[in-house]
Amino acid sequence: QPDSQLRVHLSGGYEQNRFPLSNSDGAIYGAGIFWRPSERTLLNATYERRFFGPSYQFTFEHRTRNFSWSAQASRNITSYPEQLAAIPAGTFVPGILDAIFQPRIADPLERARFISQYMDERGLPLFLTDPTSIYAQQIYLSESANTSFGIIGVRNSVLFNVFYLKTEAIAASGSLLPPQINAFENNTQVGANVRWAYQVSPVSAFTWTTNISRTDALAPFNGKTDQWGTELRLTHPLTAKTTAYAGARFQSFKSDFERDYTEAAVFVGATYSFR
């Protein structure tokens, strides 16, 4: 196709790592591919062999007029300064909507204004649930996978996200640290989040949100944390800048490390925009 793009690359080099616990030197080599068969589909993947073993980054995106799907996976090391500089955790909802509305609204500024209004009218969040990042002055081996999609209809919209994250503290040589040193930092997290929005009237919207996640400690330690919650919300604009809302929610938290709790609540409130 005229707009199709395909690029393949090879990489190689040498790295030196100096950390408090140990040092590591070695060669780096790998390959990658960038493929965009059309303006609606993208595949971008890289693979390298490093001191800690395989390292990879994978991204796939596809969209249609009413649907957007993306998937990411990676395996790499991360550190405390890198975590501080990273974008806040969570799947960015405006990004999902931007991919869907791009064919309909060509101008980026007009599209951004439309998405902002669309989210306000339907009570959509800025981020969907993602795993919790660990902040500690330590080098970690992080394996993650995430997929999200959005479906937009005349009166209905659905946003869905599933994530996986495995985090292990390692030394510079790539070997895992003794569990006694990082007993509570090595874990696996899995979870999902779904939000359905229904346009009750031209100005009122009903939303239902459910999220669930589980965190398991890695062997030789045992223990897990399970939590889930659901929320019903009705929003209605009072003025151009003020929106009222009311709803109910329930959430549950059960853990082998913390005290369990459950919450059932009803709420009412209002938001005011200064823009």
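This report walks through a predicted model, starting with its sheet and ending with its charged pairs.

## Neighbouring strands

Let us look at a few pairings. Strand 3 (residues 41-50) is joined to strand 4 (residues 53-63) over 10 bridges, in the antiparallel sense. Within this pair, Ala-45 has Phe-58 of strand 4 opposite it. Strand 4 then pairs with strand 5, again in the antiparallel sense, over eight bridges. A hairpin of three residues connects strand 4 to strand 5, and Arg-63 stands opposite Ser-68 in strand 5.

Which strand does strand 5 meet over 12 bridges? The partner is strand 8, and the two run antiparallel.

How many of the nine residues in helix 2 are buried? Seven of them are, so the helix is mostly covered. The buried residues of helix 2 are Val-93, Pro-94, Ile-96, Leu-97, Ala-99, Ile-100 and Phe-101. An α-helix has 3.6 residues a turn, so residues three or four places apart point the same way.

## Nonpolar cores

The largest nonpolar core has 12 residues, among them Val-93, Ile-96, Leu-97, Ile-100 and Phe-101, along with Ile-115, Tyr-118 and Met-119. Other members include Leu-124, Ile-152, Leu-159 and Ala-197. The elements giving two or more residues to this core are helix 2 and helix 3 (108-122). Helix 2 provides the largest share, with five residues.

Setting aside neighbours within four places in sequence, Leu-97 is in contact with Ile-115, Tyr-118, Met-119, Leu-124 and Ile-152. There is also a second, separate core of six residues, including Phe-51, Phe-52, Ile-139 and Ile-170.

Is Ser-255 buried or exposed? Ser-255, which belongs to strand 13 (residues 242-255), has 12% relative accessibility and therefore counts as buried, since the cut-off for buried is under 20%. The side chain of Ser-255 makes a polar contact of 2.8 Å with the side chain of Thr-225. A polar atom of the Ser-255 side chain also lies 3.0 Å from the backbone nitrogen of Phe-257. Apart from neighbours within four places in sequence, Ser-255 is in contact with Lys-224, Thr-225 and Asp-260.

Gly-12, by contrast, sits in strand 1 and is exposed, with a relative accessible area of 67%. Leaving out neighbours within four places in sequence, Gly-12 is in contact with Ile-28 and Tyr-29. The C-alpha atoms of Gly-12 and Ala-27 are 7.4 Å apart, although the two residues are separated by 15 residues along the chain.

## Charged pairs

Side chains of opposite charge can pair when their charged atoms come close. In this model the count comes to eight salt bridges. Arg-214, Asp-216 and Asp-226 are linked in a network. In the pair of Asp-216 and Arg-214, the closest N and O atoms are 3.4 Å apart, while Asp-226 and Arg-214 meet at 3.5 Å, N to O. Asp-226 lies in strand 12 (residues 224-237) and Arg-214 in strand 11 (residues 205-217), so this pair ties together parts that are 12 residues apart in sequence.

How covered are these residues? Arg-214 is partly exposed, at 33% relative accessible area. Asp-216 is partly exposed at 27%, and Asp-226 is partly exposed at 27%. Another salt bridge joins Arg-233 to Glu-231, with the closest N and O atoms 3.0 Å apart; here both Arg-233 and Glu-231 are buried.

How values were computed
Residues are numbered from 1 along each chain as its sequence is written. This is a predicted model: local features need pLDDT of at least 70, side-chain atom pairs count only at pLDDT 80 or more; totals for chains, interfaces and linings use all residues. Side-chain values use heavy atoms; hydrogens and water are left out. Two strands pair if DSSP finds at least two bridges between them. Helices (H or I, at least four residues) and strands (E, at least two) are DSSP runs, numbered from the N terminus. A nonpolar core is a set of buried Ala, Val, Leu, Ile, Met, Phe, Trp, Tyr and Cys residues joined through side-chain atoms within 4.5 Å. Buried means under 20% relative accessible area, exposed over 50%, partly exposed in between (1.4 Å probe, protein chains only). Contact means heavy atoms within 4.5 Å. A polar contact is a pair of N or O atoms within 3.5 Å; within protein, one must be able to donate a hydrogen and the other to accept it, and residues adjacent in sequence count only if both atoms are side-chain atoms. A salt bridge is a side-chain nitrogen of Lys or Arg within 4 Å of a carboxyl oxygen of Asp or Glu.
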